[in-house]
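Subject: Handover of a structure and the findings

Dear colleague,

Please find the structure below, together with its sequence. The findings follow directly after it.

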Amino acid sequence: MSRTGLAVTLVLAFVAVAAPAAAQRLFKYKDANGVWVFTDRQPGGDQPYETAQVERSFDKPDVKLLERSTNDGVTLYAQNTYYAPIQLAYRITMPHNVPANMPRNGMQMLPARGDVTLLSVGAADPSMPVSFDYEYQFLPGDPQAQHRPDRPYRFPFGKSNAFFVSQAYPDTVTHSDPSSQYAIDFEMPIGTHIYAARGGVVIEIASDFFEAGVDAAKDGPRANVVRILHDDGTMSLYGHLNWNSIRVVPGQRIERGEYIADSGNTGFSTGPHLHFVVQRNRGGAIISLPIEFESANGAPLAARTGERYTAY
C-alpha cells in the first residue's frame, strides 16, 4: 500500500500561505545607517554579523490522508488539524485489485479538528492484497459561508492613527487575481501595531521570514501572515507582517481590536505596508470580498486608493 499524499492540481487551488520552518538561521547586522537588519541570508563581503537559530513554537495545522487495514481491504480517511473546516479533493491512482466500480476521485468537507472516512476499498480478489496511491489538495473554509459581518470592519491599526491606502479596488495593479481583487494595502512604517479588524479564531500563521522582493513566484510565499476565521465562515488575512512580531497562535480566539502583530515588509512587496483582505472559499477557489470600514460616526465607508483613513 502506498502512503504518499502528493500535492498536485485537482479541482482545488492551494492558498498561498507559507508554512513556518521547524528551525531557521537568523543573521543580524547593522547597515550603513546603523540600523539593525534581520535576514535569513548571510551578509556578503566583510560585513560583521551575529547569528542564531530561530525555532518554531507551534505545530503548523495540516491535513493528512491515512490508511487503516480492515478484514475486507483498506479504509482511507482524512485527518484535519486546522481550527477551521476544510474542503478536500482527492484522487485514487494506480489501483490494484480493487473493484471496477470503486470511485476514483471525490470531494469532502472535513470539520475543524476532525476526521472523516473518505472510502472503504474491498479486494476484487479476496486472495490478493489491495494497493493504490492517492493525491489530494485542500482549501480552508466552508463553501456555504456567507459574508455577514454584524458591523463595518475596524481599520486594522491603532485608534487615532491614520494611514494612506496605496492600493484598493478598483485598482488592481498587484491585486489581479480573485483572491486579492478586493484587498487593501495600507502604507505604514515597519513595526506599526496591527489590530484585528474583526473577531474570530486564528487558523494559520507564518512568522519566520525576514525579507521582501518583487518576484511573485519566489517572494510571494515568504510573507509573514495571520489568517483569522470569522463566525460567518469568511476569513481575513493580514500580510507582509514583521519578523517575529506575531503574538497569536492557531486556535486562539481574537476579539475585534486585539493586538495581533506588527506591520512589516516581507514576501512579495515593494515597500513597507499592510495587506488586508477578507476571503471565502467559493467551492474550489479562494476569492476576496468587498468590505466596508467603520468611520468616525459609525457609518460604513469603502477604502479608496490615495485616501488617508483614521481608526476609531
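A salt bridge is counted here when a side-chain nitrogen of Lys or Arg lies within 4 Å of a carboxyl oxygen of Asp or Glu. Please bear in mind that the model is a predicted one.

By that criterion, D231 and R253 form a salt bridge through their side chains, with N and O 3.0 Å apart. D231 sits in the loop between β16 and β17, while R253 belongs to strand β18 (residues 253-254), so this pair ties together parts that are 22 residues apart in sequence. D231 is exposed, at a relative accessible area of 65%, and R253 is partly exposed, at 42%.

In the whole structure, 6 salt bridges were found. Another of them joins the side chains of R151 and E294, at 2.9 Å from N to O. R151 is in the loop between β10 (131-140) and β11, and E294 is in strand β23 (residues 293-294); the pair therefore ties together parts that are 143 residues apart in sequence. E294 also forms a salt bridge with R256, where the closest N and O atoms are 3.3 Å apart. Since R256 lies in the loop between β18 and β19 and E294 in strand β23, this pair ties together parts that are 38 residues apart in sequence. Is E294 buried or exposed? With a relative accessibility of 14%, E294 counts as buried, because the limit for that class is under 20%. R151, at 39%, counts as partly exposed, as does R256, at 27%.

The next topic is the nonpolar residues. In soluble globular proteins, nonpolar side chains tend to be buried together. The largest nonpolar core has 33 residues, of which F186, V226, Y238, I260, F276 and F293 touch the most other members. Several strands supply at least two residues each to this core, including β11 (162-167), β12 (184-187) and β21 (273-281). The strand that gives the most is β21, with 3 residues. Beyond its neighbours up to four places away in sequence, F293 touches residues including P152, F155, I184, F186, F276 and L301. A second, separate core of 22 residues includes V63, L65, Y82 and Y90.

Finally, P103 is found in the loop between β7 (86-96) and β8 (105-110). P103 is partly exposed, at a relative accessible area of 49%. Leaving aside residues up to four places away in sequence, P103 touches I92 and L119.

Yours sincerely,
A colleague

Terms used. Residues are numbered from 1 along each chain as its sequence is written. This is a predicted model: local features need pLDDT of at least 70, side-chain atom pairs count only at pLDDT 80 or more; totals for chains, interfaces and linings use all residues. Side-chain values use heavy atoms; hydrogens and water are left out. Helices (H or I, at least four residues) and strands (E, at least two) are DSSP runs, numbered from the N terminus. Buried means under 20% relative accessible area, exposed over 50%, partly exposed in between (1.4 Å probe, protein chains only). Contact means heavy atoms within 4.5 Å. A nonpolar core is a set of buried Ala, Val, Leu, Ile, Met, Phe, Trp, Tyr and Cys residues joined through side-chain atoms within 4.5 Å.
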